[in-house]
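Please look over the aromatic residues in the entry shown here.

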Amino acid sequence: ITIDGYTATGSVANAAAAIFDGTVCVALDGGGTVAYALRTGSASAVTIDGLAFGGFTAEAIWTHQGSTHHINGNLFGVSTPKFTLAANGSAVLNDGGSPVYVGDTTAAARNVIGNSTNAGVIGMTLGGGTWIQNNLIGVDRDGTTAVPNAIGVRHQSTCGNPVFYNVIAHNIGNGVYENGGSCSQIKANRIGVDALGNAAGNGGYGIEVDGG
């Protein structure tokens with residue numbers, strides 16, 4: 001199943017190496033009353049591209065079951081010239097999909113994740129885990145402006161969660177919080193600096209490992 005906002009007229013995927021210069025023309029707005037926008041059931045290989053999400057009280061995307069889901073090129077909790085969007089509880093909660101890819105190694109796959117009242121991305125899945133790659137987490141589309149999440153990335157009692165090549169900055173609490181579990185890999189990220197290399201500390205630890 002593919003939900004592709006970039007098929008909308010005027011939409012353009014990101015091409016910038018370090019920031020997000022794409023144009024997203026399709027928004028889902030929870031209005032502060034809807035829990036989540038999209039949830040995976042037993043389906044596998046769900047791809048969600050080119051959408052903006054705001055105002056969902058729990059999480060914008062809940063990957064609950066299935067496998068090999070891709071979440072690429074989306075905006076979470078940040079406004080654009082076309083949309084004014086409120087915060088989400090979280091951008092993505094993965095508690096059953098394995099694996100789930102939030103971003104990827106290409107520029108077009110970069111997500112912008114900001115203003116989450118919980119953590120930007122929460123992984124709670126054993127097995128293939130939650131791959132978080134090449135995203136802007138706590139900084140806006142320009143790679144510098146603060147759009148802080150309560151926590152950047154949180155893994156809860158899970159294993160096998162790569163966190164690669166992200167900018168994780170300006171978040172209110174920890175940049176990355178490993179709460180139990182094992183086998184996570186945190187490599188080649190900018191934590192506490194923005195996409196242009198400027199100091200942009202998180203309010204808590206850059207990385208906190210609590211048990212596991």
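Predicted model: local features only at pLDDT ≥ 70, side-chain atom pairs only at ≥ 80, totals over all residues.

Residues are numbered from 1 along each chain as its sequence is written, and side-chain values use heavy atoms, with hydrogens and water left out.

Q: How many aromatic pairs does a search of the whole structure find?
A: Rings of Phe, Tyr and Trp (its six-membered ring) pair if their centres lie within 6.5 Å; planes under 30 degrees apart count as stacked, over 60 as edge-to-face and the rest as tilted. On this basis the number of aromatic pairs in the whole structure is five.

Q: What is the geometry of the aromatic pair of Tyr101 and Trp131?
A: The centres of Tyr101 and Trp131 are 5.5 Å apart. With 40 degrees between the planes, the pair is tilted.

Q: Is Tyr101 buried or exposed?
A: Buried means under 20% relative accessible area, exposed over 50%, and partly exposed in between (1.4 Å probe, protein chains only). Because its relative accessible area is 19%, Tyr101 is buried.

Q: Why is the pair of Phe164 and Tyr165 edge-to-face?
A: The ring centres of Phe164 and Tyr165 lie 5.9 Å apart. The pair is edge-to-face because the planes are at 70 degrees.

Q: Which residue does Arg39 lie over?
A: A charge sits over a ring if NZ of Lys or CZ of Arg is within 6 Å of the ring centre and within 35 degrees of the ring normal. Arg39 lies at 4.9 Å from the ring centre, over the face of Trp62.
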